[in-house]
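Me: I would like to learn how to read strand pairing and helix packing in a model. Could we go through one step by step?

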Amino acid sequence: MNLDEYKGALDRLTPAPDLKDHIRDTLDAPAPASRPRKRRAGLAALAAAAAVACTFLVAMAASPQLRTAVLILFRLEEAEQVPAPTGGTAETPELTQSTIGRQVEAQYISLPAGFGWSYGNGVLYQAERADDGSILAFHYWTVGADGLIPLETHTTEFTAVWDGVTYTDTVYWCEYGGEISYYNNGTAGMALDYDCTVSALVGCTGKALLTLSQGSQIDYRAYPVLLDLDTGEVTGLLDGTGWEVAAPLTQVQWADDLSAAILSGDRTGWFYCDRDANTTVSLNERTGLEVFSAYFADDSTLILLTLSGPDGDCCDIWTWQPDSGILTQTFSELPVYQRHEEQSWGFQFFFGGGQGIYAAEDGTVSVLDLVTGETTAVEGFSLAQWDAPTFIANFTGTKVLFASHGGQADGLGISSLGVMDLEAGAFTLLDRDSGAGLHEASLGWFDENRVAIWGYASEDFTQSCLYLYRF
Amino acid sequence: MEEEQKRRFEQSYDTYGAMVYRLAMVYLGRQADAEDVTQEVFYRLLRKAPAFPDQEREKRWLFQVTANLCKDQLKGFWRKRTAALEAEFPEERPEDRAVLEAVLALPEIYKGPIHLHYYEGYSVAETAEILGLSPSAVKMRLMRGRERLKLELGMEELV
């Protein structure tokens, strides 16, 4: 599918000619009324088909030396009374806080327009834009005990050239907690058919990764370069490594010290690029596996996923050490977790910390260490009582966020929120009472220790709010 | 509805009606549901929305409300375990139907980013602001959504 085919097909999604008249008639009524729904007879059959439970194999660890640890569940008796946004547009941030069950510290922050948050970095940002969308001013903040604390915002302007395209943009960045947070506007989407994005280098505050991209859909291709934040100078990272065998690149992952990268392309598969040795090799050829996905566990170990099971519905987990070529299987035939499926269970992979969650068919939950094959069972906890729960690991993989949905708030409707502390061996779970008026839009780690829920006043979506939790 | 509201509805619907409906269809895949959401969006625009300083802000607000209402609808679908695709497409061009089926079969989390970025032309940063996501989350969803679109079409072509 190319972009013209994609847009051409979507152009054909047009409303019925009488919809405008119907809405106008409805708006004349004192309260909104729903249009009668035109359900088709086939719907029930399709729904039934979607609800068929998959016949998965039993998950098993490949390591005979499997060790099992236990997480103890603590469910707080006191439920959180989630405050609703007050409505209207706040001119300045407003923060209130409380301690729930003498254990969970919560901060509720109402925010003016233009605020956003960066996952995992512990900062908020505020972009002041002109009518045409261009950025007039940019500010970073962190959240203190009594309110927002402004951070020094720096700007770096750069110009880079790749494959005949000149990229010019401004990066807004701040340093907080030894990490750099970035924001760049990029180009105007597909209008220009190219884009550039900036991302952080772990433990490095003087330089950033800059990904230059062109095209879209199957024509999409990207190339990574290094951006010096002091000078705006751009240098190539893959030059001379033979990366072209993996081109066109769609994704590049880096070892923390930038000595190696995992390259992947939609059409070419997965490759390991050794910058020190100036080599790029196919992971399939080097390991003898048919690699479905690959990630760095650390600078010297890769986690590889391959599909398995009679219908390819399961996956095997491997570790591979490029220096020695040692390949080790840590889990085999793990059914893949199907969120939102009826009777959902199986394996869910985390992109932080090299860990995964395994939900057994009986609802019991374990945390899997994909590198060692170790499992940590959650004692006294069953997924069976939760509706399509969410698990998200923090960046270092020391804690796992749990959220269940089905509460009164719109959007995510988070009815319970918890954190599995893998180092402390504890899983603390908090029930939430939300009323109407709040639309919960996103959920994640604000930093290594605090969970964030981003929401809006559901009346008009003009007021944003950020709720932070430290368990 | 007062005359001023009527005038605003006529103007807004003529400008944005198809845009709102299209995003709702991408999320929901059913004409009746997309029409419900379109109706609710314009109800909120007339009865609850603030004054916008310019048309672009109004457009972004409409996208934001549409996406949020659709996600609420999908949440309800899952609760009722009736999340099936019943798309009503124009039948004249089979190739369009294949593309639309692939788009509508995307998991919910990819639909908003893919549509706003690739169809409406918003940048990653603008898409992130509209959907209340971080730019890195949008980038990841664009990449995965793009891969899935190609994968779905590839499988269909094999058939």
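Me: How many bridges join strand S32 of chain A to S33(A), and do they run parallel or antiparallel?

Reply: Strands of a sheet pair through backbone hydrogen bonds, either parallel or antiparallel. This is a predicted model. In it, S32 (residues 414-421) of chain A runs antiparallel to S33(A), and six bridges join the two. One position to look at is A:Val419, whose bridge partner in S33(A) is A:Thr428.

Me: How many residues lie between S32(A) and S33(A) in the hairpin?

Reply: Four residues separate the two strands of this hairpin. In the turn, A:Gly425 has a positive phi of about 70 degrees.

Me: Which strand pairs with S33 of chain A in the parallel sense?

Reply: Strand S3 (residues 80-82) of chain A does, over three bridges, with S33 covering residues 426-434. There, A:Glu80 has A:Arg432 of S33(A) as its bridge partner.

Me: In what order do the strands of the open sheet in chain A come?

Reply: The order is S17-S18-S19-S20, four strands with antiparallel pairing. S17 (251-254) and S20 (279-282) of chain A are at the edges; each has a single partner strand, so one side of each lacks a neighbour in the sheet. From one strand to the next, the twist averages 20 degrees. Within this sheet, S18 (residues 260-265) and S19 (residues 269-274) of chain A are antiparallel and joined by six bridges. A:Leu263 is opposite A:Phe271 in S19(A).

Me: What does chain B contain, helices or strands?

Reply: Chain B has seven helices and zero strands. Of its 159 residues, 52% count as buried. Among contacts in chain B with a separation of 6 or more, 62% come from residues 24 or more positions apart.

Me: At what angle do H2 of chain A and H2 of chain B pack?

Reply: Two packed helices are described by the angle between their axes and the distance between the axes. Here H2 (residues 19-28) of chain A packs against H2 (residues 31-47) of chain B at about 50 degrees, and the axes are 10 Å apart. H2(A) and H2(B) are therefore oblique to each other. The crossing of H2(A) past H2(B) is right-handed.

Me: Which residues make the contact?

Reply: From H2(A) they are A:Leu19, A:Ile23, A:Thr26 and A:Leu27; from H2(B) they are B:Glu35, B:Thr38, B:Gln39, B:Phe42, B:Tyr43 and B:Leu46. By type, the contact of H2(A) with H2(B) has six nonpolar residues, three polar and one charged.

Key:
Residues numbered from 1 in each chain as written. Chains lettered and ligands numbered in written order. Predicted model: local features only at pLDDT ≥ 70, side-chain atom pairs only at ≥ 80, totals over all residues. Buried ≥ 20, exposed ≤ 12 C-beta atoms within 10 Å, placed from the backbone. Contact = placed C-beta atoms within 7 Å. Pairing = 2+ DSSP bridges. Axes fitted to C-alpha atoms, helices over the stretch in contact; angles between N-to-C directions. Parallel < 35°, antiparallel > 145°, perpendicular 65-115°, else oblique. Left-handed = near helix turned anticlockwise from the far one by under 90°. Nonpolar A, V, L, I, M, F, W, Y, C, P; charged D, E, K, R; others polar.
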